[in-house]
Amino acid sequence: MENLKNYFTEFIALMDVQQFNSRELNYGVLKNHRTQLKQLSDVGNSSVFVFDLFKKEHVFASGLYEDFIDKTDRSAKGIFHFLDQTVHEEDSITLIKRWTTSLKLCYAATPADRKNYKIINDYRIRNKNGDLVRVVDQHQVLELDPQGNIWLSLCLIDISADQNKQRGVKSSIVNFKTGELVWEDVGDERMTDVPVLSAREKEILLLIKDGFLSKEIAKKLFLSVHTLNTHRQRILEKLNVDNSMEAIKYASGVGMIR
């Protein structure tokens with residue numbers, strides 16, 4: 001049986017992949033955002049949150065946030081409480097899987113592209129009165145640290161225009177700079193199994209893109225040709241493409257490689 005706590009633990013652990021230097025984090029930028037974010041919540045009647053991936057807590061909340069997180073606990077525990085107690089029991093695990101997928105996608109992108117993705121989820125919650133309501137949340141990167149790590153994440157939650165109480169989670173991931181729809185309403189398995197290349201696989205794909213032959217790449221990376229070909233095959237399988245040109249096009253398009 002799937003366990004929400006296990007998926008949430010995986011999600012939080014994924015944040016620890018990034019290594020922050022606290023001395024490089026200038027929280028003055030958050031002060032600069034506050035006025036605009038407060039206006040956004042007031043004018044749009046939205047709940048607006050900023051989550052700090054270094055501190056693992058909400059550092060800004062405005063609007064009707066008491067409907068979504070505990071005012072006294074803005075830590076990651078508050079997010080788990082939201083999933084466990086507020087989100088519809090049939091939607092909570094799907095939602096945490098989608099959040100995990102989205103974070104992996106941002107990690108796979110180059111730092112320059114990480115602020116270009118918007119992740120949109122439409123799902124069911126129970127409000128303070130216990131009534132079932134559909135909401136839509138939108139997540140995007142607000143600030144990177146000087147090393148390109150995802151530091152501050154912006155989330156907006158609104159009442160959804162779709163109030164179909166029978167439907168589960170609907171999701172989409174959009175590159176709002178290019179207009180590309182990266183994913184939309186695909187099944188849980190595909191959303192969870194995001195194609196993420198290892199550092200070695202990215203290195204190999206970049207060398208292929210630069211025109212190096214297999215023997216040249218193997219020599220350059222101190223690998224046997226057999227090991228190199230195994231890496232190449234795994235890249236094609238991960239990206240679900242037929243050849244190296246398609247792999248390069250796909251990986252470049254979603255920001256996995258430059």
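Helices (H or I, at least four residues) and strands (E, at least two) are taken here as DSSP runs, numbered from the N terminus. The structure is a predicted model, in which local features need pLDDT of at least 70 and side-chain atom pairs count only at pLDDT 80 or more, while totals for chains, interfaces and linings use all residues. Residues are numbered from 1 along each chain as its sequence is written, and side-chain values use heavy atoms, with hydrogens and water left out.

The protein chain holds nine helices and seven strands. Of its 258 residues, 50% are buried, where buried means under 20% relative accessible area, exposed over 50%, and partly exposed in between (1.4 Å probe, protein chains only). Contacts (heavy atoms within 4.5 Å) also give a view of the chain as a whole: among those between residues at least 6 apart in sequence, 60% join residues at least 24 apart.

The buried residues of helix 2 are Val29, Leu30, His33, Leu37 and Ser41. An α-helix has 3.6 residues a turn, so residues three or four places apart point the same way. The cover over the buried residues of helix 2 includes strand 1 (47–52), strand 2 (57–62), strand 4 (132–144) and strand 5 (150–159). After helix 2 comes Asn45, with a positive phi near 55°.

Strand 5 also contains Ser153, which counts as buried because its relative accessibility is 17%. With neighbours within four places in sequence left aside, the contacts of Ser153 are Phe49, Val50, Phe51, Leu53, His139, Gln140 and Leu142. In the loop between strand 1 and strand 2 sits Lys56, a residue other than glycine whose phi is positive, near 60°.

Helix 1 (residues 4–15) and helix 3 (residues 76–86) pack at an angle of about 145°, their axes lying 11 Å apart. Axes are lines fitted to C-alpha atoms, for helices over the stretch in contact, and angles run from 0 to 180 degrees between N-to-C directions. Leu4, Lys5, Phe8 and Ile12 of helix 1 meet Ala76, Ile79, Phe80, Leu83 and Asp84 of helix 3.

Asn116 is buried, with a relative accessible area of 10%. Although Asn116 and Phe176 are 60 residues apart in sequence, their C-alpha atoms are 5.8 Å apart in space. Beyond its neighbours within four places in sequence, Asn116 contacts Val174, Asn175, Phe176 and Lys177.

In helix 6 (residues 199–209), the buried residues are Glu201, Lys202, Ile204, Leu205, Leu206, Leu207 and Ile208. Phe222, in the loop between helix 7 (214–220) and helix 8 (225–239), has a positive phi of about 60° although it is not a glycine. Phe222 is exposed, with a relative accessible area of 77%.
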